[in-house]
Amino acid sequence: MRKSVETAFEGITLYPGFLDGSGQRALLAAILEGLTAEKPYRPRMPRTGKPWSIHQMNFGPLGWVSQPEGYGYAELNEASGRPWPPIPPLLLDIWADVANYPAPPECCLVNLYDAPKARMGLHRDEDEEALDAPVVSISLGDTCVFRIGGFARGDRSRSFRLASGDVLVLGGASRLRYHGVDRIIPGSSQLVPGGGRINLTLRRVTKPA
Ligand code: MD3
Ligand code: FE
């Protein structure tokens, strides 16, 4: 069993430093390998089509997409017409260790915070059918200031830092809380070439048979 910290929120568990330096480098290499097959893109806001401040890519049978038509899951990368690359085995191992769920994840959404101003506004992850499964988040590279709130947009919120190698499991009673990334702290890690932060979220989308 790894050392974990129960947060102030039921259903949210933080594993600080789950990955040590060599684990982080091995995972980064697997991610960058996957990103040579399909190129990260800038998602577009529903309706307005305005581009986000981050880049995204997906691994796995289903990819989460944000397009002018709306949010949802897709089997193909619209930019290439091809399926998303497979989820790296190192990530499937992390899910098996911490998710406590009887089926593997179907989506690994890759968020690339590659600009100093990159952020993610408050939102809920609610496009999955399997809301009984947790979301498992793995952080690599620069530390970020992450915000977590309640079940309505205006509820009180608190901020935490997430550093390279940290794993956060978000499930149970907190699965539908609002959350977002206020900012990254440039220069806080040397892991990612050229700097920046990479967040990986593992999700189960469909109910297992
Ligand atoms: C809290 N990504 O991709 S991961 C996202 O760091 C997303 O890139 C952020 O939010 C990032 O949707 C945060 C942590 C996270 C994920 C799911 C949650 C926190 C959550 C679901 C419920 C509550
Ligand atoms: Fe989210």
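Tutor: Let us start with a term: strands are DSSP runs of E of at least two residues, numbered from the N terminus. Please keep in mind that this is a predicted model.

Student: Which strands each supply at least two residues of the lining of the largest pocket?

Tutor: The lining of this pocket comprises 40 residues, and those nearest its centre are Trp52, Met120, Gly121, His123 and His179. The strands that each give at least two lining residues are β8 (107–113), β9 (120–123), β10 (135–141), β11 (144–148), β13 (167–170), β14 (179–184) and β15 (197–203).

Student: How many charged residues does the lining of the largest pocket have?

Tutor: The space in this pocket comes to about 850 Å³. Sorted by class, its lining has 17 nonpolar and 11 polar residues, and the charged residues number 12.

Student: Which strand provides the largest share of the lining of the second largest pocket?

Tutor: The second largest pocket holds about 190 Å³ of space. It is lined by 13 residues, with Tyr41, Arg44, Gln67, Glu78 and Ala79 closest to its centre. Both β4 (63–67) and β6 (76–77) supply at least two residues of this lining. The largest share, three residues, belongs to β4.

Student: Which residues coordinate the iron ion (ligand 2)?

Tutor: Along the chain, the donors follow the spacing H-x1-D-x53-H. At 2.0 to 2.2 Å, the coordinating residues are His123 (NE2), Asp125 (OD) and His179 (NE2).

Student: Is Asp125 buried or exposed?

Tutor: The cut-off for buried is under 20% relative accessible area. His123, at 22%, counts as partly exposed. Asp125 has a relative accessibility of 8%, so this residue counts as buried.

Student: How many disulfides does the count give?

Tutor: A disulfide requires two cysteine sulfur atoms within 2.5 Å. By this rule the count is zero. For Cys108, the nearest cysteine sulfur is that of Cys107, 6.7 Å away, and Cys108 is in no disulfide. Cys144 is likewise in no disulfide, since the nearest cysteine sulfur, that of Cys108, is 16 Å away, and the count remains zero.

Student: Is Cys144 buried or exposed?

Tutor: The relative accessible area of Cys108 is 0%, and this residue is buried. Cys144 has a relative accessibility of 0%, so Cys144 counts as buried.

Student: Which strand gives the largest share of the lining of the largest cavity?

Tutor: A search of the whole structure finds one cavity of 30 Å³ or more, and the largest cavity has a volume of about 50 Å³. Its lining includes Thr7, Phe146 and Arg161. Strands β2 (12–15), β11 and β12 (158–162) each supply at least two of the lining residues. The largest share, three residues, comes from β12.

Student: How many nonpolar residues does the lining of the largest cavity have?

Tutor: Among the residues that line this cavity are Ile12, Leu14, Ile148, Phe160, Leu162 and Leu168. By class, one lining residue is polar, one is charged, and the nonpolar residues number seven.

Conventions:
Residues numbered from 1 in each chain as written. Chains lettered and ligands numbered in written order. Predicted model: local features only at pLDDT ≥ 70, side-chain atom pairs only at ≥ 80, totals over all residues. Heavy atoms only, no water. 1 Å grid on protein atoms, 1.4 Å probe; cavity = no way out; pocket = protein on both sides within 12 Å on 5 of 7 lines; lining within 4 Å. Points joined across faces, edges and corners; volume = space filled by probe spheres on them. Helix = DSSP H or I, 4+ residues; strand = E, 2+ residues; numbered from the N terminus. Nonpolar A, V, L, I, M, F, W, Y, C, P; charged D, E, K, R; others polar. Donors = N, O, S within 2.8 Å, 3.2 Å for Na, K, Ca; no water. Buried < 20%, exposed > 50% of the residue type's maximum accessible area, 1.4 Å probe, protein only.
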